[in-house]
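Subject: Structure for you to look at

Hello,

Here is the structure I promised to pass on. Please open it alongside this message.

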Amino acid sequence: MTAPAEHAHRGIAATMTATDALIKAVADLDDVAVRGPSLLPGWTRAHVITHLARNADGLLNLLIWARTGVEHPMYTSRADRDASIEEGSIRGYLVLVEDLSAACDRFERAAKEMPESAWSAGVITSRGAPVLASRVPWMRLCEVWVHLADLDAGIGFDAIADDAIEPLLDYVIGGFGGRPEVPRVTVDATLPDGRRRSWQLSGDGGPTAGGSGTDLLAWLTGRGDGAGLTGALPNLPPWG
């Protein structure tokens, strides 16, 4: 198996675990709960659930692009994406659950059926970033865990599987790269297996933010205040 294919298959396995946690969390809600506020300003839980469904379909489009070689953007436009989330957010609870489950199944099935060579194909994310298709399962994994926390349904970053934390840190920290508004800071993580690993968020130097991988992921994505971390924490721009 090629390195991109191996990387992708690790991401698929981790995403399946995260998706199981997502589906269970949503199944524990009801029609009243989904109308309640999420942790994202202006969004109910129904908005978050619909966004997760449309993100699965958007990333499926990237897999189709990689498999066929025919350009297939994640979304036709940002306006259409936003409109579909607003439309979905007013649906009944059972329809929300069915929509999410079906979208997750479509993405998982397509990922599992990808030819090995297709994982080395280049695609363009909705942010305009060129990436290998092998990155797509990790994009989905991050999306699921971040928005699971946003649901405010009792599941946070501490539920992330140990073997997914380091690659998620790679992915999240990579998302800050090349942005002039990002301050210089060293991210020093203690990983679940006891190893220490450091990343530079934006060039060399700056203060060091240290702590567990899960606490750092929460802080980097704006889902934690950094209370469990050490060091002088700079203000970060929004991630994602």
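Below is what came out of the analysis, from the overall fold down to single residues.

First, a caution: this is a predicted model.

Overall fold. The chain has 7 helices and 5 strands. Starting at the N terminus, their order is α-α-α-α-β-β-α-α-β-β-β-α. The radius of gyration is 18 Å, close to the 18 Å from the globule rule for 240 residues, so the chain is as compact as a globular protein of that length. Along the principal axes, the C-alpha atoms fill a box of roughly 45 × 45 × 35 Å. Of the 240 residues, 49% are buried. Take the contacts with a separation of 6 or more: 62% of them join residues 24 or more positions apart.

Core. The largest nonpolar core has 79 residues. Leu 22, Trp 119, Leu 169 and Leu 220 touch the most other members. At least two residues each come from H1, helix H2 (45-68), H4, helix H5 (136-150), helix H6 (162-174), strand S3 (186-190) and helix H7 (213-220). H2 gives the most, with 12 residues.

Cavity. How many cavities of 30 Å³ or more does the structure hold? The count is 1. The volume of the largest cavity is about 70 Å³. Its lining consists of Ile 12, Thr 15, Met 16, Thr 19, Ala 56, Cys 104, Phe 107, Glu 108, Ala 111 and Arg 140. Helix H1 (3-27) and helix H4 (93-112) are the elements that give two or more residues to this lining. By type, the lining residues are 6 nonpolar, 2 polar and 2 charged.

A loop residue. Thr 125 sits in the loop between strand S1 (122-124) and strand S2 (130-132). Is Thr 125 buried or exposed? Its relative accessible area is 11%, under the 20% cut-off, so Thr 125 counts as buried. Beyond residues up to four places away in sequence, Thr 125 touches Leu 62, Met 74, Val 131 and Met 139.

Best wishes

Key: Residues numbered from 1 in each chain as written. Predicted model: local features only at pLDDT ≥ 70, side-chain atom pairs only at ≥ 80, totals over all residues. Heavy atoms only, no water. 1 Å grid on protein atoms, 1.4 Å probe; cavity = no way out; pocket = protein on both sides within 12 Å on 5 of 7 lines; lining within 4 Å. Points joined across faces, edges and corners; volume = space filled by probe spheres on them. Helix = DSSP H or I, 4+ residues; strand = E, 2+ residues; numbered from the N terminus. Nonpolar A, V, L, I, M, F, W, Y, C, P; charged D, E, K, R; others polar. Core = buried A, V, L, I, M, F, W, Y, C linked by side-chain atoms within 4.5 Å. Buried < 20%, exposed > 50% of the residue type's maximum accessible area, 1.4 Å probe, protein only. Rg over C-alpha atoms; globule rule 2.2 N^0.38 Å. Contact = heavy atoms within 4.5 Å.
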